[in-house]
Amino acid sequence: MSESYTEIEARVGALIAGIDDDIAIMATIACELFHSVERFHWVGFYRVTAPQMLLIGPYQGGHGCLSIPFARGVCGKCARDKKTVIVDDVEAFEGHIACASSTRSEIVVPVFGKDGTLIAVLDVDSDDPAAFDEADAAALERMCGAAFSV
Ligand code: SME
């Protein structure tokens, strides 16, 4: 059984206390989420490193594609709209970028920095269909907000 978000958030909070480095925080969150939640089969960040462009950041799981323009994929839609995207069936999402053929569903959450600008997106993929819901969205948004926006 997977751990609750409350436990994961408490552990992440303790681990990153006093750390003011986005990459270190991203690596810690990716590791904690990937190893704590069984239905999470890929967890990683894509960082905004150039206008309209996402570049792979810290992740856990198989290889992720290296760069994603804002115009493409679920990650691009999240970056464009600055809103969480939940995809129950990746095959039904036009333009989905398949990094692993086993992926069935995913959630992508926008990550904002202290000044409120978009600095990255957090992408979580599952081999299970419809693995994500509003509770995941709320918890992941809260976790990223606490880690990067304050
Ligand atoms: N599926 C994502 C691409 C990233 S990988 O899944 C790790 C997308 O469509 O944006």
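At what angle do the axes of helix H1 (residues 5–16) and H4 cross, and within what distance do they come? In this predicted model, the two axes cross at roughly 15 degrees and come within 11 Å. Since angles under 35 degrees count as roughly parallel, H1 is therefore roughly parallel to H4. The crossing of this pair is right-handed.

On the H1 side, the contact is made by Tyr5, Ile8, Glu9, Val12 and Ile16. H4 contributes Ala135, Asp136, Ala139, Leu140, Arg142, Met143 and Ala147. Classified by residue type, the contact of H1 with H4 comprises 9 nonpolar and 3 charged residues, with no polar ones.

Helix H4 (residues 134–148) also packs against helix H2 (residues 22–36), the axes coming within 11 Å and crossing at roughly 150 degrees. Angles over 145 degrees count as roughly antiparallel, and H2 and H4 are therefore roughly antiparallel to each other. H2 passes H4 in a right-handed crossing.

In this second contact, Asp22, Ile25, Met26, Ile29 and Leu33 of H2 meet Leu140, Met143, Ala147 and Phe148 of H4. The residues of the contact of H2 with H4 divide into 8 nonpolar and 1 charged, and no polar residue is included.

The two contacts share part of H4: Leu140, Met143 and Ala147 are listed both in the contact with H1 and in the contact with H2.

Technical notes. Residues are numbered from 1 along each chain as its sequence is written. This is a predicted model: local features need pLDDT of at least 70, side-chain atom pairs count only at pLDDT 80 or more; totals for chains, interfaces and linings use all residues. Side-chain values use heavy atoms; hydrogens and water are left out. Axes are lines fitted to C-alpha atoms, for helices over the stretch in contact, and angles run from 0 to 180 degrees between N-to-C directions. Helices (H or I, at least four residues) and strands (E, at least two) are DSSP runs, numbered from the N terminus. Angles under 35 degrees count as roughly parallel, over 145 as roughly antiparallel, 65 to 115 as roughly perpendicular and the rest as oblique. A crossing is left-handed if the near helix is turned anticlockwise from the far one by less than a right angle, and right-handed if clockwise. Contact means heavy atoms within 4.5 Å. Ala, Val, Leu, Ile, Met, Phe, Trp, Tyr, Cys and Pro count as nonpolar, Asp, Glu, Lys and Arg as charged, and the others, Gly among them, as polar.
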